[in-house]
Amino acid sequence: MIVKKLIGGRYMVKVLLTGMSGVGKSTVLKQISKSYSNSIDLDYDGWIHMDNLSNDRKMDTSRIISYIQEYNDKDIFFSGTTINQKEIYPYLDFIITLTAPIEIMRERILSRENNSFGKSNHDWEKIKNDKRDFEQLIIKSSDFVISTEQTVNNIVVEIYSLVGLSSNHL
């Protein structure tokens, strides 16, 4: 069990930014990481693995929960989307879904340099199917939904406002 930490007159927040590939999770998290060092893109460094039985990407939930427990006195931001993400929801304060129109997602995926997922026709079909089949499920389990059809700074200001953080850091 994680006990909320009151530091400097406010509780530390634990936030998951989730959404389909290409909505801007990594870009938004990169901007947040300029102010909050405990910002983790779960797509990297072994936080997510392929489940050999189901052939699904899954979060290493025990590692994430341990991290939250270790850094409970800090604000923490995670970004990522997997089939088992609900397992960490009880340890989070906010789940925020980022969304964008499919055309914008495609444009972003084709122009990104840090991640090749989505550039092949096979991957793109999977992304389109996931948006159609799963995005509404993620939205239903989220506290907030933010369209990423705006500047990254505006998105981050909105996130900070929703979770009770000051945007003075920007």
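Predicted model: local features only at pLDDT ≥ 70, side-chain atom pairs only at ≥ 80, totals over all residues.
Contact is taken here to mean heavy atoms within 4.5 Å.

Two packed helices are described by the angle between their axes and the distance between the axes. For H1 and H5, the packing angle is about 70° and the axes lie 10 Å apart. Because angles of 65 to 115 degrees count as roughly perpendicular, H1 is assigned a roughly perpendicular orientation relative to H5. On the H1 side, the contact is made by Thr27, Val28, Gln31 and Ile32; these residues meet Val152, Asn153, Ile155, Val156, Ile159 and Tyr160 of H5. By residue class, the contact of H1 with H5 comprises seven nonpolar and three polar residues, with no charged residue.

Helices H1 and H5 also take part in the lining of the largest pocket. Two or more lining residues are supplied by each of helix H1 (25-32), strand S4 (39-41), helix H3 (102-111), helix H4 (121-140) and helix H5 (152-163). The greatest contribution comes from H4, which provides eight residues. In composition, the lining of the largest pocket contains 15 nonpolar, 20 polar and twelve charged residues.

Side chains of opposite charge can pair when their charged atoms come close. Across the whole structure, seven salt bridges were identified. One of these links Glu125 to Lys128, with a separation of 3.0 Å between the closest N and O atoms. Both Glu125 and Lys128 belong to helix H4, where they are three residues apart, or about one turn of the helix. The helix that holds this pair, H4, is also the element that gives the most to the lining of the largest pocket.

Methods:
Residues numbered from 1 in each chain as written. Heavy atoms only, no water. Helix = DSSP H or I, 4+ residues; strand = E, 2+ residues; numbered from the N terminus. Nonpolar A, V, L, I, M, F, W, Y, C, P; charged D, E, K, R; others polar. Axes fitted to C-alpha atoms, helices over the stretch in contact; angles between N-to-C directions. Parallel < 35°, antiparallel > 145°, perpendicular 65-115°, else oblique. Salt bridge = Lys/Arg side-chain N within 4 Å of Asp/Glu carboxyl O.
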